[in-house]
Amino acid sequence: MIERRLLIVSGKGGVGKSAVSAALGVLAARRGKRVLVLAMIQPSGLAAHLGVDSLSYEPTRIQPGLFAAAIDRSHALEEYLGLQLRVPRSLPMRQFSGALSVLADTAPGIREIVTMGKPIFEVLRGEWDLVIADAPPLGQLQSYLSAPETITGLVPTGAVREQASRLESTLSDPLVSGLLLVTTPEELAVVETREAIAEIDASRQILIAGVVANRVLDPLGVSAEAIAAVPDSPARAAGLLHTGLVESQSFWLDSIPDDPRLPFLFGFHTPAEVSARLAEICESFA
Amino acid sequence: MTREITTIIVTGAGGVGKTTISAALATRLAGPDRRTVVMTVDPARRLADALDLHSLGNEPSPVPGVTGLWASTLDASASWEGVVHRYSDPDVAERLLKNNYFRAIADRFPAAQSFAAAETMAMMIESGNWDAIVVDTPPSAGGLDFFLAPSQTAELIGGKLLRWLTGSQLPGRRFLYRFTGRPILMIADAVLGGPLLEDVAEFLLDLRTMYDQLAARAVTIKRHQQRATTLVATTADPAPVAEVLRFFEELTDVSIEPAAVILNRALPLDWTVASRQPIRGIPDAELRAVLKANLVRWGGEARRQTTSMEGIADRYGVPLITVPWVADSPTTVGGLERLLAGVEGLDELTAKS
């Protein structure tokens, strides 16, 4: 999962994307890699899961080998124009980026390509062994992944188009880039994940490197009938809730790939505790 | 028409069960004397099946098995088409609806879906067809979009974009030609590789013709929203709780006062205490040990829930309504009715108009 140069982490909102991104970053750094974890959209839980108050556009060192940053659009746009498109310095940059930021709000694909350009730019710069992108939720992911294609369809020539083709080939190279989908074993999250898998497989925009189910409950090892037979009490109610949830979870887990599963973490309170524990758990499979 | 209409808006972060709660509230409100409609946003398939939601285009259809209940699903593009037809000249409307950028805007502006939802709610209120209206809101960071979208959309269409693009206060078609002849744009087009900016400006000029009507509409929609009962749904997970806090912090911008916070997937408070006491009445030692360990884990979760919700209720002086955690989300109208059956504090809210 962390052997490629770029790992994009997405999933339905609220399933734990940022926690998993942070955990894999911690794990990769522990294995001696130089890692950048990037929050692609705001607000993001990434800072909290890395145990810091906030992240800036410039990578901050979190621990040895682990750096993190958050993309904000105006910085990303400037960098896109200056470094990625190599717009000549002689241009009145402020006016130009003003016009482009209007375009970014209006024309399809511009905002996405500016954001998507950042992690890929970081990969191509060669400063990192691994870039982990804490990506937009599934509902928006498709428009980010297809941004290069949208742009090349819209713009016949020029620097924007060239940059878009570079993004497209980096994303679709299975040796360089992979997508990790995080889900929880619930109806909405699983259904959305399955739809995304089908769509992305068909488009071949990026390789799906894995599907991780998060917050999976362990069976209690006693039957629901045995629990139902005990006198009414909190112990009975908690037992029935647990077995009921396990049953419902296993129904939804059956319909996604049999990839690594991350447990529901009882007793872990802060986001940083959660990602540290997940990093330990990922040790066995990532 | 002087009929009293109960309007309930359910807002909150994505994934907390807003749609299910909206549907359950509507099921509870509906009756032979109260024609009720629930507008859902992107319902899970099994819930959509239970409500028999299979038609598109915002048109409510009756829910089988519940007297007086209708349901619809928000169709944002249909709402926007309606908006364009209502608020612009026929020839402009035709041009806009054919325009690629229009499609992109209607699909992608963060506020576009929220505006569609708010406009659809307003149309339902004004139709005079309903005694009670329950509105599920599109996911948005902080949950405020539903309230901000009408005025933001008017502002945007009114020329904020165009002003930036042209640097002119009141651009008309005449300005457009001057603007497209400017050197900055010629260079921009060379870099970007096409007449993109010109196309965008043309489009924005068309959009701008709707400004006056949309600005007036935004005022009306806001009045409807302020008269409605707003409920903020959440779970006790850190991310949605953070969004609820942000929502309350930014509320003053929209002059909305939520009537209650609804905590979904709530665990009973007494599990925390019970988990510290010995378990009686289970002779089988192994079963007893398993249930004890399980209760300790879930009791810890119950305590965590209490801690994370305390702040909100205290700080903002808003009642907290708890909906119990059930193993499987309701997928029948019977399940929707049962979900809220034992829940306290709802009647005061749903009676208010």
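**Arg265(B) sits in strand β7 (residues 260-266) of chain B.** Strands (E, at least two residues) and helices (H or I, at least four) are DSSP runs, numbered from the N terminus. Arg265(B) is not a glycine, yet its phi is positive, at about 55°. With a relative accessibility of 25%, Arg265(B) counts as partly exposed, that is, between the limits for buried (under 20% relative accessible area) and exposed (over 50%), using a 1.4 Å probe and protein chains only. A word on all the views: this is a predicted model, in which local features need pLDDT of at least 70 and side-chain atom pairs count only at pLDDT 80 or more, while totals for chains, interfaces and linings use all residues. Residues are numbered from 1 along each chain as its sequence is written, chains are lettered from A and ligands numbered from 1 in the order in which they are written, and side-chain values use heavy atoms, with hydrogens and water left out.

**Asp42(B) also has a positive phi, near 50°, without being a glycine.** Look for Asp42(B) in the loop that runs between β2 (36-40) and α2 (45-50) of chain B. Its relative accessibility is 58%, so Asp42(B) counts as exposed.

**Ala50(B) belongs to helix α2 of chain B.** Here the relative accessibility is 14%, so Ala50(B) counts as buried. Beyond its neighbours within four places in sequence, Ala50(B) is in contact (heavy atoms within 4.5 Å) with Val63(B), Pro64(B), Thr331(B), Thr332(B) and Val333(B). Pro138(B), 88 residues from Ala50(B) in sequence, is 20 Å from it in space, C-alpha to C-alpha.

**The second largest pocket holds about 530 Å³ of space.** A pocket is an open set of points on a 1 Å grid over the protein atoms alone, where a 1.4 Å probe fits and protein lies on both sides within 12 Å along at least five of seven lines; lining residues have an atom within 4 Å of a point. Its volume is the space filled by probe spheres set on the points, which are joined across faces, edges and corners. There are 23 lining residues, and Ala266(B), Leu267(B), Pro268(B), Leu269(B) and Thr322(B) are the closest to the centre. Both chains take part: α11 (234-253) of chain A gives two or more residues to the lining, as do β7, α14 (285-316), β8 (320-324) and α15 (333-339) of chain B. β8(B) gives the most, with five residues. The lining divides into 16 nonpolar, four polar and three charged residues, where Ala, Val, Leu, Ile, Met, Phe, Trp, Tyr, Cys and Pro count as nonpolar, Asp, Glu, Lys and Arg as charged, and the others, Gly among them, as polar.

Ser248(A) is buried, with a relative accessible area of 13%. Between Ser248(A) and Pro137(A) there are 24 Å in space, C-alpha to C-alpha, and they are 111 residues apart in sequence.

**The largest nonpolar core has 57 residues.** Such a core is a set of buried Ala, Val, Leu, Ile, Met, Phe, Trp, Tyr and Cys residues joined through side-chain atoms within 4.5 Å. Those touching the most other members are Phe146(B), Phe147(B), Leu207(B), Met210(B) and Leu214(B). Helix α6 (residues 110-127) of chain B gives the most to this core, with 10 residues. Apart from it lies another core, of 49 residues, including Ile110(A), Leu171(A), Val211(A) and Trp252(A).

**Trp70(B) and Trp130(B) make an edge-to-face aromatic pair.** Rings of Phe, Tyr and Trp (its six-membered ring) pair if their centres lie within 6.5 Å; planes under 30 degrees apart count as stacked, over 60 as edge-to-face and the rest as tilted. For these two tryptophans, the centres are 5.5 Å apart and the planes at 65°. Trp70(B) lies in strand β4 (residues 69-73) and Trp130(B) in the loop between α6 and β5 (132-136) of chain B, so the pair ties together parts that are 60 residues apart in sequence. Trp130(B) is buried, with a relative accessible area of 5%.

**Phe248(B) and Tyr316(B) have ring centres 4.6 Å apart and planes at 20°, so the pair is stacked.** Phe248(B) comes from helix α12 (residues 238-250) and Tyr316(B) from helix α14 of chain B, so the pair ties together parts that are 68 residues apart in sequence. Phe248(B) is buried, at 9% relative accessible area, whereas Tyr316(B) is partly exposed, at 22%.
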